[in-house]
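I have a new structure open and a notebook beside it. Here is what I looked up, entry by entry.

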Amino acid sequence: MIDHGADQTADHATGKAEAGTGTETGLPAMRKSVFGQLELDVRLLGMVGAFILIALAFNFFTDGRFVTPRNIFNLTVQTVSVAIMATGMVFVIVTRHIDLSVGAVLAIASAMGAMMQARWLPQIVGLDYGNPMIAPLAILTCLAIGTLIGAFNGWLIGYQGIPAFIVTLGGLLIWRYVGWYVTDGQTIAPLDTTYLVLGGAEGTLGATLSWGVGLLASAFAIYAIWNARQARKTHGFPTKPLWAEMTLGGISVAVILGYIATLNAYDIPTGKLRRMFEARGEVLPDGYTEAYGLPISVIVLIVVAIAMTMLAKKTRLGKYIFATGGNPDAAELSGINTKLLTVKIFALMGFLCGLSAVIASARLASHANDIGTLDELRVIAAAVIGGTALSGGIGTIHGAILGALIMQSLQSGMAMVGVDAPLQNIVVGSVLVFAVWIDIQYRKKLGIKV
Amino acid sequence: MSSNPNTGTPLVELRDISIAFGGVKAVDHVTIDLYPGEVVGLLGHNGAGKSTLIKCLSGAYQKDAGEVFINGEKADIRNTRDARRYNVETIYQTLALADNLDAASNLFLGRELVTPLGFVDEPAMEAETRKIMGRLNPNFQKFKVPVSALSGGQRQSVAIARAVYFNAKILIMDEPTAALGPHETQMVAELIEELKAQGLGIFLIEHDIHNVMRLCDRAMVMKNGQKVGTVNVNEVTDEDILGMIIMGKKPPQAY
């Protein structure tokens with residue numbers, strides 16, 4: 001189960017006191033700590049704490065330039081591509097596999113998508129530049145290429161029994177250079193203007209729409225909490241105290257609306273506004289300002305995060321992924337087709353690489369052959385920092401996204417402070433090892449075997 | 001010379017089963033049947049072939065030759081899903097639990113309850129799990145933790161609940177008490193009695209001769225993949241059975 005970290009910690013926090021009575025709920029509520037009653041995931045709290053600490057430290061060393069609407073906007077836009085792939089990597093690692101080819105698959109998907117919109121559709125099919133069909137077809141190309149390569153990897157691993165490490169290590173060498181032949185090693189630009197909307201700064205919702213999305217998301221968060229509580233009540237299960245649920249709801253709403261407010265506080269630079277007005281044949285009025293608001297790429301990430309979380313927690317496929325990761329033999333004896341499951345997981349990983357390819361190439365407004373270089377390591381690191389255990393069976397989607405955010409914060413923070421590039425890598429590498437060490441200590445302390 | 005006290009159609013008949021792994025005959029022309037409401041012990045040394053034989057019934061292995069009849073009709077069991085369709089449920093020695101999942105997820109693994117929209121219905125699964133555990137092991141309260149956090153007996157009761165919940169008619173238990181303390185062993189023994197009374201047929205793979213004498217109605221002994229013989233447990237002594245297991249010596253009561 002994906003959120004069992006929360007269950008474990010909640011249980012272990014109170015486990016000692018309960019051992020005597022042998023019940024889960026028979027104790028007076030007073031005996032549980034405040035955190036125990038909130039049933040929050042201590043590991044998640046730790047990561048959020050680490051993230052805040054990193055942000056404050058960089059803010060101090062950059063004289064307040066780190067925690068600004070502008071930097072937070074850039075940070076999230078830069079994180080999206082790796083974060084999307086990290087959600088897929090969670091499933092891969094949970095089932096005791098690894099995917100080293102994600103950066104290379106992103107590169108070939110991006111190459112095919114770029115060739116589609118800049119060469120093949122205009123020159124071979126004869127669609128004019130700016131034709132509304134170009135962007136959807138290019139996006140479909142990216143997604144299809146990623147999914148096909150992923151499914152092929154999954155077939156080699158599941159049905160042919162080649163270890164995932166080898167298959168994807170081969171893929172790491174193969175796919176980027178297949179892309180090189182597709183593009184003749186050239187950088188492909190310009191890309192379709194509609195396509196660029198998915199990149200980040202070129203496609204944002206503006207202040208009003210962003211508030212709308214924020215309110216909608218808040219309503220959804222509260223509904224989800226309320227709905228889960230009702231479901232437990234109908235069956236007569238113990239529920240958290242009402243104040244705990246309300247606190248959780250309050251925190252969720254505050255985070256969502258706080259993030260929207262921050263993005264809305266970042267105004268589009270005047271020069272860019274003037275160009276936008278000129279493009280429409282208008283003149284920029286004096287003193288006119290406009291906020292960026294929520295980038296479409298971030299919305300894509302949020303949709304992916306919700307869909308992947310639902311998949312993990314609410315579907316049979318998700319159950320089978322975690323069961324197979326926990327005990328492959330048990331899964332097989334329960335009638336789960338673990339070979340087909342492997343194909344599905346890698347196809348999903350490939351699909352997400354294709355999606356990331358769209359966002360990464362749109363953000364860079366071009367396809368270059370080195371796009372996504374070393375992304376496999378960033379993606380794996382994000383998933384692992386986010387609490388995904390390489391021994392399988394454990395991992396969360398939100399953890400992986402937070403892991404990606406922490407990695408990106410470290411990198412751009414150090415760049416802002418002016419840390420040398422070699423030292424940046426040393427720090428990021430050390431943080432990865434340190435994070436896993438902390439996690440192991442934490443599990444040891446709680447007596448979790450996995 | 002004694003004979004099978006049961007009459008009528010057997011619940012299960014494994015007829016002339018053979019299976020080999022790379023030239024080694026793990027099971028060599030073995031025939032055994034099982035009637036409703038009885039416990040048949042499968043005995044023998046490690047590697048005698050009893051687990052392999054029974055896996056041909058549970059769907060984990062494919063037999064090379066021989067036939068399986070369930071309720072007198074020929075059954076085609078190619079995988080564990082087929083076996084479950086015939087109401088054959090297995091409790092494996094290793095318990096076959098996903099340690100990282102909670103009791104409900106393990107109980108329903110591969111057969112999850114879903115909402116009309118096709119999503120896994122966790123509350124309903126937890127409710128059903130609470131119901132059946134209330135019957136099997138009323139002390140069991142750890143519904144929200146991964147089964148890795150449970151004791152051996154608690155894990156065993158999850159594995160048993162999984163077999164019992166889905167209306168098993170034929171139950172295969174592979175050394176169900178091997179990892180348990182005396183109290184928990186007693187619990188399993190009582191459960192076997194109860195299931196027997198409900199008319200289930202149980203194949204019990206067991207090493208402990210005392211458990212065999214106490215729990216089984218009949219016992220079939222295997223040695224080197226071959227059947228030594230079957231005895232009615234109330235007609236023989238534990239020495240007779242040990243002689244069959246160790247020496248492969250067939251007592252006069254065996255058939």
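**Entry: the antiparallel sheet of chain B.** I began with an open sheet of four strands in chain B, whose order is β2-β1-β4-β5 and whose pairing is antiparallel. Its edge strands, each pairing on one side only, are β2 (24-34) and β5 (73-74) of chain B. Strands here are DSSP E runs of at least two residues, helices are H or I runs of at least four, and both are numbered from the N terminus. Two strands count as paired if DSSP finds at least two bridges between them. This is a predicted model, where local features need pLDDT of at least 70 and side-chain atom pairs count only at pLDDT 80 or more, while totals for chains, interfaces and linings use all residues. Residues are numbered from 1 along each chain as its sequence is written, and chains are lettered from A and ligands numbered from 1 in the order in which they are written.

I then followed one pairing. Strand β1 (residues 12-21) of chain B joins β2(B) in the antiparallel sense over seven bridges, and I17(B) sits opposite V30(B) in β2(B). Helix α1 (residues 50-58) of chain B lies across β1, β2 and β4 (65-70) of chain B, at about 115 degrees to β1(B). For that angle, axes are lines fitted to C-alpha atoms, for helices over the stretch in contact, and angles run from 0 to 180 degrees between N-to-C directions.

Entry: How many residues of strand β8 (residues 201-205) of chain B are buried? I found five of the five, so β8(B) is largely enclosed by the rest of the structure. Buried means 20 or more other C-beta atoms within 10 Å of the residue's own, exposed means 12 or fewer, and partly exposed is in between, with C-beta atoms placed from the backbone. G201(B), F203(B) and I205(B) point one way from β8(B), and I202(B) and L204(B) point the other way.

Next I checked the partners of β8(B). Strand β3 (residues 39-43) of chain B pairs with β8(B) in the parallel sense over four bridges, with V40(B) bridged to F203(B). Strand β7 (residues 170-174) of chain B also pairs with β8(B) in the parallel sense, over five bridges, and I170(B) stands opposite G201(B). Between β7(B) and β8(B) the chain passes through helix α6 (residues 182-197) of chain B, in a right-handed β-α-β crossover. Right-handed means that, with the strands pointing away from the viewer, the path from the first strand over the helix to the second runs clockwise.

β7(B) pairs with β6(B) too, in the parallel sense over four bridges, and E89(B) has L171(B) as its bridge partner in β7(B). Both faces of β6 (residues 88-91) of chain B are covered, with V88(B) and T90(B) buried on one side and E89(B) and I91(B) buried on the other.

**Entry: chain A and its domains.** Chain A splits into domain 1 (4-14 + 38-203 + 296-446) and domain 2 (204-294), with bounds from an automatic or database domain assignment. The two domain centres, taken over C-alpha atoms, are 23 Å apart. Eleven residues of domain 1 of chain A are in contact with eleven of domain 2 of chain A; contact means C-beta atoms, placed from the backbone, within 7 Å. On the domain 1 side, α4(A) gives the most, with four residues.

**Entry: where the chains meet.** The contact between the chains takes 32 residues from chain A and 29 residues from chain B. Which element gives the largest share of the side of chain A that touches chain B? I found α13(A), with six residues.

Entry: Most residues other than glycine have a negative phi, and most peptide bonds are trans. I noted the A189(A) to P190(A) bond, which is cis with omega near -5 degrees. P190(A) is in the loop between α7 (164-183) and α8 (193-196) of chain A.

D63(A), not a glycine, has a positive phi of about 55 degrees. D63(A) is in the loop between α3 (42-61) and α4 of chain A, and D63(A) counts as exposed because it has 7 C-beta neighbours inside 10 Å. In chain B, N167(B) has a positive phi near 55 degrees. N167(B) lies in the loop between α5 (152-165) and β7 of chain B and is exposed, with 8 other C-beta atoms within 10 Å.

Terms used:
Contact = placed C-beta atoms within 7 Å.
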